[in-house]
Amino acid sequence: MRKERVGFAVCGSFCTHQKVLRALETLAERYETIIPIASEISAFTDTRFGTSDKLLEQLEDLTGNDVLLDIPSVEPIGPKGLLDVLVIAPATGNTLAKLAAGITDTVVTMAAKAHLRNERPIVVAVSSNDGLAAGAKNIAELLVRRHYYFVPFGQDNAVQKPTSLVADFDQLPDTVDAALRGEQIQPILLR
């Protein structure tokens, strides 16, 4: 088991949560310490894809740690150097926009800000219906920033949702490994 400490922040994009949880399960087989973090929307919203209580239970079961659910609980990530890498999966268009603009008014964006204080990697797994529309500029902004590493992504349904992008969550664990070495996994764009 690897000793690096992984933060794992889950945002909305509820349709991807099962894939995200499978990736987290693989990470938990590789890394000894994983700290789960849930955005406000994922922590307290029930959808047709499942209940928030079930999601939080799964996050705790997979990691063996309590889920961090509020800004005061994630703020110490920076000052205390709690993480070696932070994963944001799924990273919604809203979260990407806030990260690109430097807005830290959510649990996940505060976790990212606190973590970046230590100049450590953030792994982004995009899931956004407007990734090739209004959200494209935010993805581009983060692609050129230091310490951001992207899980390879592509269009998930080019005919019916031509602007939608989604990460290949199966590649998330290998992206984390590469980010800890300071490398972007390639190719980043999927066919």
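Visitor: Is H147 buried or exposed?
Guide: H147 has a relative accessibility of 17%, so it counts as buried. Keep in mind that this is a predicted model.

Visitor: Where does H147 lie?
Guide: H147 is in the loop between α7 and β5 (148-150).

Visitor: And what about the phi of H147?
Guide: H147 is not a glycine, yet its phi is positive, about 80°. Most residues other than glycine have a negative phi.

Visitor: Which other residue has a positive phi without being glycine?
Guide: S13 is one of them, with phi near 45°. S13 sits in the loop between β1 (2-10) and α1 (17-30).

Visitor: Buried or exposed, that S13?
Guide: Buried, because its relative accessibility is 18% and the cut-off for buried is under 20%.

Visitor: Moving on to peptide bonds. Which residue is joined to P90 by a cis bond?
Guide: A89 is joined to P90 that way, with omega about -10°. P90 belongs to strand β3 (residues 85-91).

Visitor: What is the omega of the cis bond between Q186 and P187?
Guide: For Q186 and P187, omega is about -5°. P187 is in the segment after α8 (172-180). As background, most peptide bonds are trans.

Visitor: Now the helices. At what angle do α5 and α7 cross?
Guide: Helix α5 (residues 93-101) and helix α7 (residues 136-143) cross at roughly 50°, and their axes come within 9 Å. The two helices are therefore oblique to each other.

Visitor: Is that crossing of α5 and α7 left-handed or right-handed?
Guide: The crossing is left-handed.

Visitor: Which residues meet there, between α5 and α7?
Guide: From α5 there are L96, A97, L99 and A100, and they meet N138, I139, E141 and L142 of α7. By class, this contact has six nonpolar residues, one polar and one charged.

Visitor: Last topic, the core. How many residues are in the largest nonpolar core?
Guide: The largest nonpolar core has 58 residues. Inside that core, F8, I88 and L172 are the residues with the most contacts.

Visitor: What does F8 touch?
Guide: Leaving out residues up to four places away in sequence, F8 touches V20, L24, L27, I34, I35, P36, I37, L86, V87, A89 and L172. A89 on that list is also the residue joined to P90 by the cis bond. L172, another of the residues F8 touches, is itself among those with the most contacts inside the core.

Terms used:
Residues numbered from 1 in each chain as written. Predicted model: local features only at pLDDT ≥ 70, side-chain atom pairs only at ≥ 80, totals over all residues. Heavy atoms only, no water. Axes fitted to C-alpha atoms, helices over the stretch in contact; angles between N-to-C directions. Helix = DSSP H or I, 4+ residues; strand = E, 2+ residues; numbered from the N terminus. Parallel < 35°, antiparallel > 145°, perpendicular 65-115°, else oblique. Left-handed = near helix turned anticlockwise from the far one by under 90°. Contact = heavy atoms within 4.5 Å. Nonpolar A, V, L, I, M, F, W, Y, C, P; charged D, E, K, R; others polar. Core = buried A, V, L, I, M, F, W, Y, C linked by side-chain atoms within 4.5 Å. Buried < 20%, exposed > 50% of the residue type's maximum accessible area, 1.4 Å probe, protein only.
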